[in-house]
Amino acid sequence: AKSTSTTSQAVGHPLPSWISEALIERTICVWQPHSSEPITRQDAIAILTNVGRLCGVLEQHRKANGLE
């Protein structure tokens with residue numbers, strides 16, 4: 001059975017508070033047409049986590065270069 005909790009990922013790490021069930025479901029709906037394999041809940045969490053990290057890096061770069 002699939003887990004529906006947003007409190008932990010498969011590896012037991014807590015999810016960022018901005019990742020909601022609705023966002024996970026929306027991510028699956030957006031990315032599924034672009035994949036020949038089913039996008040799982042864990043795949044969606046990985047996509048969202050990676051996008052969050054990318055945004056963090058871009059924010060750090062923006063601040064470090066005075067682009068506020």
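This is a predicted model: local features need pLDDT of at least 70, side-chain atom pairs count only at pLDDT 80 or more; totals for chains, interfaces and linings use all residues.

Q: Which residues of helix 1 are exposed, then?
A: Ala22, Arg26 and Cys29 are exposed in helix 1. Cysteine 29, for example, has a relative accessibility of 51%.

Q: And which ones are buried there?
A: Helix 1 spans residues 21–31, and Ile24, Thr27 and Ile28 are buried in it. These buried residues fall within an arc of 100° when seen down the helix axis, so they line one face of the helix. The exposed residues Ala22, Arg26 and Cys29 lie on the other side.

Q: What covers that buried face?
A: The cover includes helix 2, which runs over residues 41–64.

Q: Which residues make up the largest nonpolar core?
A: That core has 8 residues: Leu15, Ile19, Ile24, Ile28, Ile39, Ala44, Ile45 and Leu48. Helix 1 and helix 2 each supply at least two of its residues. Helix 2 gives the most, with 3 residues.

Q: What does isoleucine 39 touch, apart from its close neighbours in sequence?
A: Beyond the neighbours within four places in sequence, isoleucine 39 is in contact with Ile28, Trp31, Gln32 and Ala44.

Q: Changing topic: how many disulfides are there?
A: The search of the whole structure finds 0 disulfides.

Q: And how many salt bridges?
A: There are 3 salt bridges in the whole structure. In one of them, the side chains of arginine 41 and glutamate 21 meet, at 2.6 Å from N to O. This pair links distant parts of the chain, since arginine 41 belongs to helix 2 and glutamate 21 to helix 1, 20 residues apart.

Q: Are those two partners buried or exposed?
A: Arginine 41 is buried, with a relative accessible area of 7%. Glutamate 21 is partly exposed, at 27%.

Q: Which residues are linked in a network of salt bridges?
A: Glu59, Arg62 and Lys63 form such a network. Glutamate 59 pairs with arginine 62, their closest N and O atoms being 2.5 Å apart. Glutamate 59 also pairs with lysine 63, where the closest N and O atoms are 3.8 Å apart.

Q: How far apart are glutamate 59 and arginine 62 in helix 2?
A: They are 3 residues apart, which means a separation of about one helical turn. Lysine 63 and glutamate 59 are 4 residues apart in helix 2, again about one helical turn.

Conventions:
Residues are numbered from 1 along each chain as its sequence is written. Side-chain values use heavy atoms; hydrogens and water are left out. A disulfide is a pair of cysteine sulfur atoms within 2.5 Å. Buried means under 20% relative accessible area, exposed over 50%, partly exposed in between (1.4 Å probe, protein chains only). The arc is that of the directions from the helix axis to the C-beta atoms. Contact means heavy atoms within 4.5 Å. A nonpolar core is a set of buried Ala, Val, Leu, Ile, Met, Phe, Trp, Tyr and Cys residues joined through side-chain atoms within 4.5 Å. A salt bridge is a side-chain nitrogen of Lys or Arg within 4 Å of a carboxyl oxygen of Asp or Glu.
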